[in-house]
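Subject: A structure for you to look through

Dear colleague,

I am handing over a structure to you with this email, and below it I have set out what was found. Please keep the view open while you read, and take the parts one after another.

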Number of protein chains: 2
Amino acid sequence: MALPFLAEAGSTPRIFNFASGPGVMPAAVLAQAQRELFDWNGSGLSMLELPFTGEDFKSVMWRAQDSLRALLAVPDNYRILFMHGGASAQFSLLPLNLLGGAERADYLETGYWSRRAVTEARRYCAVNIAASTGGTDFDRMPVQEELHLDPGAAYCHYTSNETANGVQFHRVPDSGAVPLVADMTSDFLSRPLDIARYGMIYASSQKNIGPAGFTVVIVREDLLGRAHPATPTLFDYRMQAEAGSLLNTPVTFAIYLAGLVFQWLAERGGVAAMECRSLARSAQLYRAIDASVGFYRCPVQPAHRSRMNVCFMLADSALTPLFLSGAARHGLVNLKGHSMLGGVRASLYNAMPDEGVSALTAFMRKFAEEHAHHV
Amino acid sequence: MALPFLAEAGSTPRIFNFASGPGVMPAAVLAQAQRELFDWNGSGLSMLELPFTGEDFKSVMWRAQDSLRALLAVPDNYRILFMHGGASAQFSLLPLNLLGGAERADYLETGYWSRRAVTEARRYCAVNIAASTGGTDFDRMPVQEELHLDPGAAYCHYTSNETANGVQFHRVPDSGAVPLVADMTSDFLSRPLDIARYGMIYASSQKNIGPAGFTVVIVREDLLGRAHPATPTLFDYRMQAEAGSLLNTPVTFAIYLAGLVFQWLAERGGVAAMECRSLARSAQLYRAIDASVGFYRCPVQPAHRSRMNVCFMLADSALTPLFLSGAARHGLVNLKGHSMLGGVRASLYNAMPDEGVSALTAFMRKFAEEHAHHV
């Protein structure tokens with residue numbers, strides 16, 4: 001049983017996984033999953049084999065939902081759903097569920113993922129781009145004064161953290177009386193939230209929640225029951241809310257692991273502690289970039305930089321493959337930027353050990369020293 | 001590391017899991033998953049943490065799809081998709097993808113699950129019940145002569161094995177020129193298939209494929225590209241076929257385990273060998289029922305009995321809870337019948353060891369002897 005980044009010096013080398021998702025999981029959670037893989041809780045069965053209608057799995061499911069409600073202080077008038085399909089499914093399911101006869105929705109266009117959400121929403125309604133930062137290559141998030149909101153919109157959608165572009169909202173946009181909807185896939189559980197400001201938030205599981213497998217939807221009760229008639233029953237928020245997300249077999253193992261992650265998070269001070277960590281760690285990395293006198297460059301304006309996905313370029317882009325292969329030899333893996341954007345991306349999800357960030361900044365300094373003549 | 005049903009006598013008791021799904025998985029697959037949980041293939045990372053866009057996961061994905069194609073001799077003009085959402089999602093996605101402007105579809109109504117498929121299909125089109133065995137409580141499958149097929153139907157849907165009712169087709173219905181579509185969730189990979197007779201088949205993963213997490217769709221290429229405009233892009237068969245089922249993050253760990261199960265199956269003689277085993281094992285169990293002179297009773301006509309889900313009742317239904325708790329004390333668990341139907345259900349998926357079936361029949365005989373005065 002190898003515990004990569006808990007291993008003693010000289011044994012298994014430390015591997016730090018900077019993937020944008022699926023990404024690093026807490027070693028303690030993996031260790032528990034490994035221990036229990038053949039025999040969950042003395043049942044003699046693997047969690048992978050437990051029927052979802054049995055009391056054993058249901059207790060795991062309810063505990064995971066209760067833990068999440070506690071972690072984020074989700075008010076009683078919000079339902080927590082565990083849905084199939086990933087956040088990309090929500091790009092369609094959101095308009096299908098929330099338009100409710102309205103024909104317009106507001107979208108903030110702030111990078112690769114919000115654009116994907118817009119493309120899909122246009123198949124269902126007229127999209128008002130309430131603001132776009134595309135003119136400056138998504139180097140910042142829009143400020144409140146820039147938003148041109150449509151009071152007749154069914155909802156206003158934004159992406160709290162653009163995983164591919166490395167740009168993040170550090171405040172909540174104000175959409176007035178129009179329900180605010182956020183795709184929080186890549187910064188969910190990285191900081192406290194005032195859920196009451198939202199009509200709905202959603203986040204797929206393969207970043208700070210656990211492995212790939214399901215999507216958390218937190219939706220205000222009064223928004224349920226508006227689904228378009230063509231909405232598959234399984235993807236109707238109201239139907240899933242009434243069935244406790246058990247309309248059909250959920251992705252049981254992913255939910256079990258998420259429950260362990262929620263518990264791990266709670267034991268480490270919850271989302272407030274995660275916010276402190278992500279602030280400190282991302283600041284350490286951005287300092288290393290900014291201190292490189294142009295060797296590394298982060299195109300995102302400082303006030304809008306992501307604390308989860310730190311994206312940067314090498315001034316000499318021809319050095320990028322060398323940087324990535326050298327980093328991998330130092331146990332710093334999956335640092336390649338999004339396929340559409342290139343460069344380097346370091347994802348600093350909750351489960352990334354602080355040592356991983358220190359090791360990366362040390363490697364960056366060393367690499368820059370060795371290759372500085374290229375600038 | 002406990003290996004329940006490989007354990008030596010006197011150590012961990014043997015547990016046999018008869019759940020209808022998620023259900024028993026091969027012990028060898030669980031053992032490999034446990035070994036590799038912290039370090040997949042020397043990567044230093046868990047399969048749970050691998051990015052889905054990386055070569056490592058992609059090789060796992062393609063190998064799983066290739067293995068499945070080989071196991072079932074899937075012809076080249078069929079695409080294999082790994083979809084999110086379970087078979088219940090396909091109840092909606094099938095009409096959304098295959099109606100293609102037609103307004104009618106044929107459905108064979110043969111039990112609980114085909115009824116669920118019909119209910120959902122009625123939301124999208126006029127359903128012609130080409131045959132129903134509801135008049136005799138689904139005690140058999142319809143014969144070819146009973147089918148009243150609609151030549152204008154977009155497709156003809158049937159459920160090859162009714163998991164809740166314990167009734168199974170042992171031949172393929174003939175739908176003429178109308179594409180035949182089968183929900184094979186609970187008997188997929190339990191016998192060879194002549195794929196060319198089908199327009200499409202689908203099966204969710206939590207029976208003979210692996211854990212809960214995804215749905216296999218095998219669809220003939222000429223049926224792609226007919227999706228209703230309201231179909232979410234992620235659930236459009238053509239889009240997923242073009243993207244190699246990588247339109248968004250798939251449920252990576254479930255696909256990895258499925259690949260291991262496919263390999264395990266191939267090493268044991270493939271689906272032809274599984275058919276022999278399931279014939280022998282189900283016959284053993286039905287013999288025990290029929291030999292009990294009325295103590296146990298299988299309501300399904302012998303020629304239509306399921307080889308995967310053996311459903312039976314106790315003549316004195318008041319004894320059922322005692323039977324179930326006694327069985328559980330003997331390590332025979334999850335034998336409770338479907339919540340709508342009661343009674344007992346023993347699911348004999350490929351991963352059930354033969355010893356489990358022997359242990360169950362032995363317990364049944366013993367229980368009947370002890371309680372025969374109740375009849």
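**The two domains of chain A**

The C-alpha centres of domain 1 of chain A and domain 2 of chain A lie 28 Å apart. The domain assignment places domain 1 at 35-266 and domain 2 at 271-374 of chain A, and such bounds come from an automatic or database domain assignment. Please bear in mind that this is a predicted model, in which local features need pLDDT of at least 70 and side-chain atom pairs count only at pLDDT 80 or more, while totals for chains, interfaces and linings use all residues. Residues are numbered from 1 along each chain as its sequence is written, and chains are lettered from A and ligands numbered from 1 in the order in which they are written.

Between the domains, 23 residues of domain 1 of chain A are in contact with 22 residues of domain 2 of chain A, where contact means that the C-beta atoms of two residues, placed from the backbone, lie within 7 Å. On the side of domain 1 of chain A that touches domain 2 of chain A, the elements giving two or more residues are helix H2 (55-72) and strand E7 (167-168) of chain A; helices (H or I, at least four residues) and strands (E, at least two) are DSSP runs, numbered from the N terminus. By class, that side of domain 1 of chain A has nine nonpolar, eight polar and six charged residues, with Ala, Val, Leu, Ile, Met, Phe, Trp, Tyr, Cys and Pro counted as nonpolar, Asp, Glu, Lys and Arg as charged, and the others, Gly among them, as polar.

**How the two chains are related**

The contact takes 54 residues from chain B and 54 residues from chain A. Helix H1 (27-35), helix H3 (86-98) and helix H6 (252-267) of chain B each supply at least two residues of the side of chain B that touches chain A, and H3(B) gives the most to that side, with five residues. The residues of this side of chain B divide into 30 nonpolar, 21 polar and three charged.

**Helices that pack against each other**

Two packed helices are described by the angle between their axes and the distance between the axes. Here the axes are lines fitted to C-alpha atoms, for helices over the stretch in contact, and angles run from 0 to 180 degrees between N-to-C directions.

The axes of helix H3 (residues 86-98) of chain A and helix H4 (residues 112-121) of chain A come within 9 Å and cross at roughly 45 degrees. H3(A) and H4(A) are therefore oblique to each other, given that angles under 35 degrees count as roughly parallel, over 145 as roughly antiparallel, 65 to 115 as roughly perpendicular and the rest as oblique. The crossing of H3(A) and H4(A) is right-handed; a crossing is left-handed if the near helix is turned anticlockwise from the far one by less than a right angle, and right-handed if clockwise. In this pair, Phe91(A), Ser92(A) and Pro95(A) of H3(A) meet Arg116(A), Ala117(A), Glu120(A) and Ala121(A) of H4(A).

Helix H1 (residues 27-36) of chain A and helix H6 (residues 252-267) of chain A pack at an angle of about 135 degrees, with their axes 10 Å apart, and H1(A) and H6(A) are therefore oblique to each other. Their contact is made by Ala28(A), Val29(A), Gln32(A) and Ala33(A) of H1(A) and Leu257(A), Leu260(A), Val261(A) and Trp264(A) of H6(A), which divide into seven nonpolar, one polar and no charged.

**Backbone details**

Most residues other than glycine have a negative phi, and most peptide bonds are trans. A cis peptide bond joins Gly21(A) and Pro22(A), with omega about -10 degrees, and Pro22(A) is found in the loop between strand E1 (16-17) and H1 of chain A. Asn41(A), although not a glycine, has a positive phi of about 55 degrees, and its place is in the loop between H1 and H2 of chain A.

With best wishes
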